[in-house]
Amino acid sequence: MTDTYAPLSLHVPEPGCRPGDTPDFSDFEIPRAGDVKRPPEDVDPDDIRDMAFSIVRVLNKNGEAVGDWAGALTPDELRTGLRNMIKLRTFDARMQTAQRQGKTSFYMQHLGEEAVSCAFAGALKPGDMNFPTYRQAGLLLSTDYPMLTMMNQIYSNAEDPLHGRQLPIMYSSKENGFFTISGNLGTQFLQSVGWAMASAISGDTKVATGWIGDGSTAESDFHAAMVFASTYKAPVVLNIVNNQWAISTFQGIARGGVGTFAARGHGFGIASIRVDGNDYLAVHAVAKWATERARRGLGPTLIEHVTYRAGGHSTSDDPSAYRSGDEAAAWPLGDPIERLKTHLITIGEWSEERHTQAEAEILDEVVSTQKKAEAVGTLGDGKAPSPRDMFEGVYETMPSHLIRQRQEAGY
Amino acid sequence: MAKMTMIEAIRDAHDVAMAEDERVIVYGEDVGFFGGVFRVTAGLQEKYGQSRCFDAPINESGIVGTAIGMAAYGLKPVIEIQFADYVYPAFDQIVSEAARLRHRSNGDFTCPLVIRMPTGGGIFGGQTHSQSPEAIFTHVSGLKVLIPSNPADAKGLFLSAVADPDPVIFLEPKRLYNGPFDGHHDKPLQSWKKHELGEVPDGNNAIEIGKANITREGNDVTVLAYGTMVYVAEAAAEETGVDAEVIDLRSLLPLDLDTIKASVQKTGRCVIVHEATRTSGFGAELMSLVQETCFYHLEAPMIRVTGWDTPYPHAQEWEYFPGPARVGEALKKVMED
Ligand SMILES: Cc1ncc(C[n+]2csc(CCOP(=O)(O)OP(=O)(O)O)c2C)c(N)n1
Ligand SMILES: [Mg+2]
């Protein structure tokens with residue numbers, strides 16, 4: 001018997017839209033707000049497998065909150081959320097410009113993704129620990145952590161709590177539940193599971209959250225995190241922020257043939273949910289559900305936040321080289337700030353005037369804070385941390401070879 | 001001959017290699033449509049098609065591991081690790097697999113593979129975009145380690161790396177991508193296009209692996225350098241007036257010990273310069289070799305000028321970077337004895 005086969009060829013996924021093309025999201029299935037039911041926290045992950053293919057949404061087209069994930073937040077809490085998102089966007093815009101003006105070396109913004117970290121922050125309790133990537137500053141900015149300190153870090157100035165050692169935006173605050181950002185993709189996803197295991201080993205009720213981008217789910221550490229989380233039923237919430245792009249690489253390269261990133265959780269028996277990442281109410285509700293599961297010892301949850309990176313990857317990036325400039329406007333899940341604003345207006349708890357006023361107040365706060373930070377110093381203006389600081393903190397006690405090197409360096 | 005930046009020269013080298021041999025396959029993070037974050041592979045996907053130049057998932061272990069499989073099959077993968085700082089997840093694949101395939105199978109399987117990665121600092125990249133991990137690779141038996149310092153060398157060494165039957169780590173000093181850099185960071189960048197070393201031969205200019213290059217002749221002290229530090233060493237020699245001979249090693253493994261020996265035996269003095277941290281750095285290996293082969297010619301203790309044994313800092317970049325002032329001091333000091 002002779003079999004004949006056609007020659008094989010390599011399959012390389014391609015995005016539907018490149019520069020010059022018209023964006024088309026018609027294949028992207030979006031369930032109506034309210035359609036996805038809220039299961040009890042102690043649900044068997046096997047019984048909610050469909051949630052990895054649908055999308056939890058609360059805000060409908062008219063700005064109403066609908067379905068059984070709605071109703072978790074008071075108007076005051078919603079206004080705080082809106083302010084936090086405006087603050088993050090304003091902060092980003094100012095810092096992005098400061099980088100362009102040469103006041104720092106590098107910046108990464110959240111444009112279009114503000115709801116993810118801002119809404120999640122509200123679901124956490126003191127003592128919980130986030131293991132964020134560089135694109136979840138809302139987890140920090142939404143706490144009482146001083147914006148001035150964040151700017152001092154960005155400027156690597158004399159009051160930078162990290163003494164100029166780290167790249168801009170790689171903040172760290174144990175007190176505010178914000179684990180030191182590494183910059184090496186995926187590593188910290190796994191550490192979040194370890195932190196959660198430690199909480200369980202210690203008999204605490206603290207939970208951890210891991211954060212990773214769509215592109216970075218390809219890293220081995222992502223998969224290792226899922227194994228450990230599922231084996232030990234760690235009290236952890238594992239978050240994938242699917243903003244459609246990893247620098248120039250569209251999400252299909254990391255996702256391969258699987259329907260969704262959330263569905264990766266199924267092979268590990270982990271409760272896996274997709275949520276509309278541009279819907280503040282939905283992100284918050286899902287975050288509450290998942291943290292509650294974790295805190296009650298019901299196991300880990302994998303959440304895919306479906307959103308869109310409306311800006312460049314970083315200040316080093318020009319997205320017009322690899323994607324259509326119209327894509328952000330065509331993104332079907334809209335803008336998170338606009339959507340929450342519309343909702344608050346719809347329920348009679350906000351107005352255009354109050355919004356404009358809030359924007360102005362926030363801009364004032366950000367600008368005046370920026371002035372204070374710049375008075376302390378910006379990168380390269382000489383008002384930097386001491387070169388001595390670079391030798392400190394490598395170890396708790398400086399070993400003799402480093403003391404010798406520091407002396408050799410003259411510091 | 002054409003004037004090229006180092007980025008263009010490495011791109012041209014890819015083009016030559018891919019045109020000559022259809023087994024050459026190029027991939028890595030952002031390498032396909034976009035052409036890499038430093039644009040080294042720009043245009044290659046369009047020219048050679050998606051199965052010869054493509055984007056990889058963000059998984060360095062995966063990139064290297066699949067490349068080993070391809071190399072063993074008979075292809076010649078050339079892969080990009082976006083920054084040398086991100087190679088560590090691939091460590092097991094490189095150290096336990098790529099480096100040993102030939103030896104452990106007695107040549108039954110081999111691994112003709114080029115792993116490219118931008119290396120070194122000087123761009124305010126902080127601890128995750130600045131590292132110089134060359135010594136980690138030279139410590140592994142079975143790997144070759146190259147590091148060019150100018151566009152023509154980059155092209156020629158790259159072509160030899162592709163032709164090589166064994167795995168080659170190809171380190172690209174990113175601070176040199178667009179022009180030479182002597183450590184005087186306040187000076188405006190001089191483009192390769194306006195520099196005599198920006199001249200790159202057409203076609204295949206393969207440069208033999210394992211040959212150093214004397215970039216400045218001198219009689220009083222030998223300076224061993226590579227990558228960005230070649231220009232720093234030259235500047236230090238000019239500025240101190242020390243009659244230094246600067247050797248650009250280009251190939252750390254295999255190493256051109258003959259050229260080093262001949263120079264040190266002539267000058268009787270040796271300064272070793274690298275940007276990487278000092279302890280167990282490649283300078284330690286160089287010092288041992290010079291000691292073993294030139295001891296009776298040495299007139300003064302050798303000196304190493306290196307990065308400090310700390311993570312690469314962000315704000316204190318120029319206090320960390322071993323610039324011309326520090327190298328100059330070493331030159332003067334070694335001349336005192
Ligand atoms: C281990 C490692 N490999 C590569 C990089 C370079 N890199 C930085 S961000 C990035 C893309 C990440 O995309 P994604 O995970 O989708 O996150 P996003 O930036 O979209 O938030 C890459 C490849 C890195 N920082 N670390
Ligand atoms: Mg992404």
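Tutor: Here are some questions and answers about this structure.

Tutor: First, this is a predicted model, where local features need pLDDT of at least 70, side-chain atom pairs count only at pLDDT 80 or more, and totals for chains, interfaces and linings use all residues. Residues are numbered from 1 along each chain as its sequence is written, chains are lettered from A and ligands numbered from 1 in the order in which they are written, and side-chain values use heavy atoms, with hydrogens and water left out.

Student: Which residues come nearest to ligand 1?

Tutor: Of the 20 residues around ligand 1, the nearest are Tyr134(A), Arg135(A), Gly183(A), Ser216(A) and Glu60(B). A residue is near if one of its heavy atoms lies within 4 Å of the molecule or strand in question. The ligand itself sits between chains A and B.

Student: What coordinates the magnesium ion (ligand 2)?

Tutor: Asp214(A) through OD, Asn243(A) through OD1 and Trp245(A) through O, at 2.0 to 2.3 Å. Donors are N, O and S atoms within 2.8 Å of the metal (3.2 Å for Na, K and Ca); water is not among the atoms, so sites may look incomplete. Along the chain, the donors follow the spacing D-x28-N-x1-W.

Student: Why is Asn243(A) called buried?

Tutor: Buried means under 20% relative accessible area, exposed over 50%, and partly exposed in between (1.4 Å probe, protein chains only). Asn243(A) has a relative accessible area of 5%, so Asn243(A) is buried. Trp245(A) is buried too, because its value is 5%.

Student: And how do you know whether Ala237(B) is buried or exposed?

Tutor: Ala237(B) counts as buried because its relative accessibility is 1%. This residue lies in helix α8 (residues 229-240) of chain B, where helices (H or I, at least four residues) and strands (E, at least two) are DSSP runs, numbered from the N terminus. The C-alpha atoms of Ala237(B) and Leu331(B) are separated by 7.6 Å, with the two residues 94 apart along the chain.
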